[in-house]
Amino acid sequence: MAYPGYGGYGGPMLPGGIPGGIPGGPMPGHMGGPMGGAPPRGPGYAPYGGGYPAAYGALPPAANDPMWGYFTAIAGQDGEVDAEELQRCLTQAGFTGTYSPFSLETCRIMIAMLDRDFTGKMGFNEFKELFMALNGWKQNFVMFDRDRSGTVEPHEMSQAISSMGYRISPQALNTILKRYNRGGRIFFDDYVACCVKLRALTENFKRRDTMQRGSVNFLYDDFITCTMAL
């Protein structure tokens with residue numbers, strides 16, 4: 001059953017396999033940049049730091065992944081990436097292109113979106129998942145930023161949200177637009193922050209809406225955990 005509020009994985013899954021992206025478009029990274037390349041197919045790789053079967057001296061499966069080198073270059077000694085490390089990675093890789101770099105706060109909520117064990121950090125599989133979502137969101141933003149100003153207008157933001165599969169009431173949409181616009185326009189950093197929260201909150205809701213009725217009961221502590229983590 002489909003009902004208001006249920007969007008896709010960062011956007012609708014279009015031909016080409018990239019959520020919210022252009023069919024056959026590039027993979028995560030700035031357009032044509034070093035993080036490009038097709039993602040591996042099949043089951044996800046084992047977490048960074050072990051857990052995979054391998055012969056003595058053999059490379060872990062992730063070592064053959066084009067993104068593995070970028071992950072290990074920024075990951076801390078614990079084999080995970082925190083918000084500051086993610087911000088440096090995205091800035092140095094030029095992911096935002098001519099747009100303003102991501103703020104530290106946006107990087108924090110990016111990690112929170114995928115931080116299922118509440119460590120405040122992400123491992124390699126989460127790192128890859130984030131870049132897939134970011135790539136889709138960026139391509140979606142570019143489609144609406146026709147003047148390449150690095151911003152979209154509120155009505156374009158509304159169209160972008162709808163194109164990602166979310167069906168939100170006018171009242172809720174107006175709340176979103178008021179929250180994320182600056183001077184009547186939405187910047188790329190704020191747009192991504194909005195996409196992250198929409199996806200994370202929707203997934204939290206869906207997990208609890210087992211009957212797919214569009215309504216759930218939250219315990220107060222559970223509600224606070226879901227919302228304050230972002």
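**Close-up views of helix packing and aromatic rings**

**View 1. Aromatic rings in the predicted model.** The count comes to 14 aromatic pairs, where rings of Phe, Tyr and Trp (its six-membered ring) pair if their centres lie within 6.5 Å. One aromatic cluster is formed by W68, F71, F95, Y99, F102, F124, F127, F131, F141, F188 and Y191. This is a predicted model, in which local features need pLDDT of at least 70 and side-chain atom pairs count only at pLDDT 80 or more, whereas totals for chains, interfaces and linings use all residues. Residues are numbered from 1 along each chain as its sequence is written, and side-chain values use heavy atoms, with hydrogens and water left out.

**View 2. Charges over rings.** K138 lies over the face of F95, at 5.0 Å from the ring centre, and the charged end of R179 sits over the ring of Y180, 4.6 Å from its centre; a charge counts as over a ring if NZ of Lys or CZ of Arg is within 6 Å of the ring centre and within 35 degrees of the ring normal.

**View 3. Helix α4 against helix α7.** In α4, E129, A133, L134, W137, K138, N140 and F141 meet F188, Y191, V192, C195, V196 and R199 of α7, contact meaning heavy atoms within 4.5 Å.

Methods
Helices (H or I, at least four residues) and strands (E, at least two) are DSSP runs, numbered from the N terminus. Rings of Phe, Tyr and Trp (its six-membered ring) pair if their centres lie within 6.5 Å; planes under 30 degrees apart count as stacked, over 60 as edge-to-face and the rest as tilted.
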